[in-house]
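Please keep the model open while reading.

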Amino acid sequence: MTDDFAALQARHLMQCWSAQRGYAPIAVEKAEGCWIHTTDGRRIFDLRSAHECINLGFRHPKVLAAMRAQMERVVYVTDDFATEPTAKLVRRLAELAPGSPDKRVFLCQSGAAAIEAAIKGARAHRYAETFGGSAPRIDAPQQYPYPYKIVSRYRSWHGATALASSASGDPRRWFLEPHTAPGIVFAPDADAYRSPFGAGRDATEANLRYLDYLIEHEGGNNKVAAMLIETVVGSNGIIPPPDGYLEGLRALCDRWGILLIVDETMTGMGRTGRMFAFEHWGIEPDIVVLGKALGVYCPMAATIFSAKVARSFDDRIFGHGQSFSGHALGAAAALASIDALQEDGILERCRELGDYLGAKLRALGERHRCVGDVRGMGLFWTIELVRDRATREPLRRATQKYERTVVKDLADWLLRERDIYVPSDKFGLWVVPPLVVTRDELDWVCDGLDAALALADRVAG
């Protein structure tokens with residue numbers, strides 16, 4: 001097989017988040033399980049699960065079979081028509097999310113589009129609450145004031161569309177400035193390793209007190225529509241919330257009468273060992289966003305509106321939409337993915353392998369002075385790299401996301417020398433294998449990470 005197509009792609013494809021000069025994609029012959037097979041005979045382990053989309057690994061037979069069968073029936077019709085997989089998927093998601101099953105689900109093609117739907121839906125719901133549910137005419141100005149502000153967090157990424165990017169604390173938001181959407185307020189993170197509030201339970205309580213202060217001084221229930229969080233922070237460091245934070249945040253939102261939007265684009269679909277990561281803390285969000293791994297091999301995302309929020313649109317327009325919404329082929333793939341997670345023991349296995357992987361990574365952390373923190377859950381982990389353990393000075397700061405640092409050097413070395421593919425733009429080493437990974441594969445990966453960390457030790461200390 002010729003690899004001329006790699007040169008063709010390099011010449012004409014606009015690569016995401018990159019300068020285009022020097023773009024050199026690797027020619028792929030096939031992919032299977034956790035592995036990418038190249039045309040020149042290499043076998044590369046995908047330690048980022050294809051942008052965290054391929055939780056079930058490449059070419060999962062149950063999903064492929066469902067897709068083949070659906071392709072022979074109907075691939076896509078508009079939502080003026082009903083297809084069996086689309087109807088079953090929205091019902092399934094409404095039942096899987098906690099609370100009343102009388103929810104409504106918006107289906108689209110990306111997590112960013114689902115976030116846009118969540119923010120628009122939250123604001124429209126609060127408008128309806130404020131003005132007694134009256135539906136504004138499309139040709140008349142809306143009444144003001146009403147709660148419109150969204151409280152997000154600095155270490156967050158919710159997608160690349162204008163509104164989703166505006167609601168993200170990630171440095172990628174800076175590409176949009178000064179044209180970010182109005183009405184977004186940023187709050188501190190819930191990061192036990194780098195908390196601006198100190199350490200332990202006192203830090204969590206101080207964080208929640210500050211959020212209470214922030215909401216009040218942004219106008220409280222009269223101005224703030226919702227709080228938007230990633231259950232476990234993803235691109236900005238894989239940061240699980242400290243004990244008591246999510247429970248306290250849910251109580252805080254209830255006290256102020258604002259909505260809680262939970263972005264599970266990365267952490268949903270079993271990544272942490274539960275269908276939704278927030279299940280680990282027993283909270284009930286008002287709006288849940290899914291994406292990435294939902295459709296497995298088809299672009300598919302979902303915004304799940306609680307029954308309370310959904311009722312706001314019984315007699316008023318849901319002012320959002322997208323071509324290919326409710327895509328039948330993507331819905332069939334998503335249903336097969338949910339079946340595989342629930343029926344094939346993958347969720348339980350993810351929790352078991354997560355404990356095993358976490359122990360191995362923490363052992364590496366003890367052995368290498370460049371490791372400041374090891375954190376994660378399920379099969380969602382990171383190794384944060386520091387120049388000095390005592391001061392916690394990072395080897396890549398937020399302002400250095402696209403600069404060449406030791407993180408980029410290690411990612412390049414792992415791909416070149418160990419055939420392990422990890423992203424080079426994170427703030428540490430990304431350890432996010434497909435959920436079908438084996439113990440032997442994890443052992444092999446950890447050996448490669450061990451060697452890479454030895455290189456980083458040279459610039460630490």
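## Basis

This is a predicted model, in which local features need pLDDT of at least 70, side-chain atom pairs count only at pLDDT 80 or more, and totals for chains, interfaces and linings use all residues. Residues are numbered from 1 along each chain as its sequence is written, and side-chain values use heavy atoms, with hydrogens and water left out.

## Sheet

Seven strands form an open sheet with mixed pairing, in the order β4-β10-β9-β8-β7-β5-β6. Strands are DSSP runs of E, at least two residues; helices are runs of H or I, at least four; both are numbered from the N terminus. Two strands pair if DSSP finds at least two bridges between them. β4 and β6 (184-187) are the edge strands; each has a single partner, so one side of each lacks a neighbour in the sheet.

β7 (residues 224-230) and β8 (residues 259-263) run parallel, joined by five bridges. M227 has L260 in β8 as its bridge partner.

## Helices on the sheet

Helix α7 (residues 200-217) packs on the sheet. It touches β5 (149-153), β6 and β7, and its direction makes about 160° with that of β6. Contact means heavy atoms within 4.5 Å. Angles run from 0 to 180 degrees between N-to-C directions, with axes fitted to C-alpha atoms, for helices over the stretch in contact. Helix α8 (residues 245-256) lies across β5, β7 and β8, at about 165° to β7.
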